[in-house]
Amino acid sequence: MKSQTRVVVIGGGVVGVSVLYHLTHLGWTDVMLIERSDLTSGSTWHAAGGFHTLNADTNMAALQGYTIRLYQEIEEISGQPCGLHHVGGLTLAENNERLDQLKAERAKHRYMGLETEIVGPDEIRRLSPITNTEGVLAALYDPLDGHLDPYGTTHAYAKAARWNGAEIQLHTMVERLGRQPNGEWEVVTEKGTVTAEHVVNAAGLWAREVGRMVGVELPLHPMEHQYLVTDPIPEVIGHDTELPHVTDPQGESYLRQEGQGLVIGFYEQNAKPWADGTTPWEFGHELLPNDLERFDDSLEFAFKRYPVLERAGIKQVINGPFTFAPDGNPLMGPMPGVRNYWCACAVMAGFSQGGGVGLSLAEWMIEGEPSRDVFAMDVARFGDTCTPPYTRAKARENYQRRFTVSYPNEELPVGRPLHTTPAYGLHKARRAVFGQGYGMEHVNYFAPEGEPLYEMPTFRRSNAFNAVAAECRAVREAVGINEVHNFGKYDVTGPGAGAWLNYLMANRLPREGRMVLSPMLSPSGRFIGDFTLSRLGPEHFQLIASYNAQAYHMRWFEQHLPESGVTVRNVSLERIGFQIAGPNARRLMERVADADVSNKAFPFLSVRRMHVGPCPAIVGRVTFTGDLGFEILVPPDYQIALFETLEAAGADLGLRPFGMRAMMSMRLEKSFGAWLLEYKPEYTPAETGMDFFVAFDKEDFVGRDAALRARDKPPPRRLATLVVDADDADAWRDEPIWRNGEIVGFVTSGGYAHYVEKSVALGFVPRELRAEGERFEIEILGDRRSATVTMEPLLDPGAKRMRG
């Protein structure tokens, strides 16, 4: 075993060997994989081996498609068969809600180039004669679905990596990780120490333990999972082609052919976490004891869906553990706060996602960023919000919901409330219906008396529709109040703060007492964030961005900090408070502020310290509603006093609380984009209109060269606002945009703009077709709805209200 290498990958499952192969494929050949036992040990060897492209996140679906298409290439490079069976797959819909979901997925697949289709019961029976279609409305058919041999596939990756120069060290236990003064890692094993520039945690069931070697508690937990292998079945033997996969969400099962019999597995409600606290090091190629009682009800349902099962003998029961993150997606990327320590774990669908995870991580390590938006699996997306008990509860919830319809407006209940502010009780007393992000509770809307304190999950307009409309009217016609705790906030100070931010941000820095909007870009010119940047003093700045991106942004800041002269603090929970917005907002502020807040003294995009009632505050003359407004940030101890001050002073002005549903509706009326919707890590300012906030004439900033190239040669697509002739369902996200029978773009976000009473979508269309009155169609739940481009905001196009 060599003692020096560029990268050590810890873990020899399918994900570890995929990372190893992709590193060598992209040019880093001085790499080593260390495995405590044999390749496939842990979860890989006992996996059912299925693969599919269906995923609610379009980037995840695309990476799954990449993974599936990669297998043939890996076979050719390695000479090792993967045992591929491209038999296609059916996902059944037994009710209208499931059919809505499949129609929405089919629509996404159209612009992604995936050839799926909705088929009826007759076609289901033709493809899978063993499936009883009683009660089935339709199914989504994907010709790419199939299964493979886990052993052969893992060894194909490994052989391809070795062919490219990688070293694989088996039966070698990693005992600890240490940091040398020069930043390199000491990987201490039972057979000696290896020095490496980078370490990748691809340890699967042992990822928690390998995380703890560097002081990190990764948010993942193993879950037991069972499937059955049957004896040969005459109906299977007699079928002239291999049967397709069938996923039956109502029955919580997946089924495929295995030789002359069948494999059927279940994601049962009686889900069982495994290995609380730690995974035994001696575990590896064992199975867990059979526990068939866990899915008695599901098995009984399966006998009705697939009558041949009732007559089949059970050849083998497989009960083995594999890992889940709280949301079911992988944990991938550079670990915040631990330089050159990378994660590639919690990949519960390794044979669907392992290739995409390996590619993205290798790109990130070698090229500095992945080629796609991978925020949905970025290890930074949870920050430090997840305690082990919380992770365990959410992993169990996610397992239980594996085949549950995922609605765009749904808020999952387990592990909540986790984080709250002092105002939580005030909102609850006023009948707030809550959502959450990054572990923090926020108000979605306030339910009127007599209405349930619950928003019904749906793909269509929900029971919150009228309540949200009333909140929007209150803001537009009087004044509304909304908590602003759920934004990430950063305090930047030091003698080098201005110079550092000027390099990091694409816009110019404001003068003292002013604020600007600014993108923060990667070297390729894509978004890392969109910020409100305020100058509180000569070398004192406040940054405000997405609350959900705190660890993501802090990681970027830390990666670019100079050795001295700049201090960055995350003050997201040290500065909370409220925004007030609407035509009466200034009158309310004049009653409570100890400073002149007139438009002359305190114009749009001003920021100032003042007292609001008894509370010391940082007040910004800005609001995401697009109306006249003020954001008031105070220390947490003052939040209740601030609310009571504003409530008392605003009673006769029509002050009314509003939630995030109303705010997201109102931003559509102004064509305002949002993080991870219009501003994602794969989009650029030139595509989204944010180039208005790029100071191209600055000497240097991160991403400047790429931004200049995009300015001089504009990209082919451009973000547009479209008014949609919708029915009872609005565009939400990722719907295809059609023109003359062809797909020409897709929706980034949408909804109902209550005050102007129009259904609105933001989305990418060809640049040359982005013009007033241009007509398109948007496919919403299988129906193409007419949509018309509007080049000006639907409310206050001259921004007189916002700036007045």
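How many nonpolar, polar and charged residues does the lining of the largest cavity have?

**Entry 1: ground rules.** I am working on a predicted model, where local features need pLDDT of at least 70 and side-chain atom pairs count only at pLDDT 80 or more, while totals for chains, interfaces and linings use all residues. Numbering runs from 1 along each chain as its sequence is written, and side-chain values use heavy atoms, with hydrogens and water left out.

Entry 2: I took volume as the space filled by probe spheres set on the points, which are joined across faces, edges and corners. The structure holds 4 cavities of 30 Å³ or more, and about 60 Å³ lies in the largest cavity. Its lining has 7 nonpolar, 4 polar and 1 charged residues. For these classes, Ala, Val, Leu, Ile, Met, Phe, Trp, Tyr, Cys and Pro count as nonpolar, Asp, Glu, Lys and Arg as charged, and the others, Gly among them, as polar. Met515, Gln542 and Glu631 are among the lining residues. Strand β29 (615-620) gives the most, with 3 residues. Strands here are DSSP runs of E, at least two residues, and helices are runs of H or I, at least four, numbered from the N terminus.

**Entry 3: the second largest pocket.** I noted a volume of about 710 Å³ for this pocket. It is lined by 34 residues, and Pro334, Trp342, Trp364, Gly368 and Gln559 lie nearest its centre. The lining divides into 17 nonpolar, 7 polar and 10 charged residues. Helix α14 (550-560) supplies the largest share, 6 residues.

**Entry 4: the cores.** I then turned to nonpolar cores, sets of buried Ala, Val, Leu, Ile, Met, Phe, Trp, Tyr and Cys residues joined through side-chain atoms within 4.5 Å. Buried means under 20% relative accessible area, exposed over 50%, partly exposed in between (1.4 Å probe, protein chains only). In the largest core, of 51 residues, Val492, Leu501, Leu543 and Phe557 touch the most other members. Helix α14 gives the most to this core, with 5 residues. Apart from it lies another core, of 44 residues, including Val14 and Trp364.

**Entry 5: Thr58.** I found Thr58 in helix α2 (residues 58-78), buried at a relative accessible area of 11%.

Note on methods. 1 Å grid on protein atoms, 1.4 Å probe; cavity = no way out; pocket = protein on both sides within 12 Å on 5 of 7 lines; lining within 4 Å.
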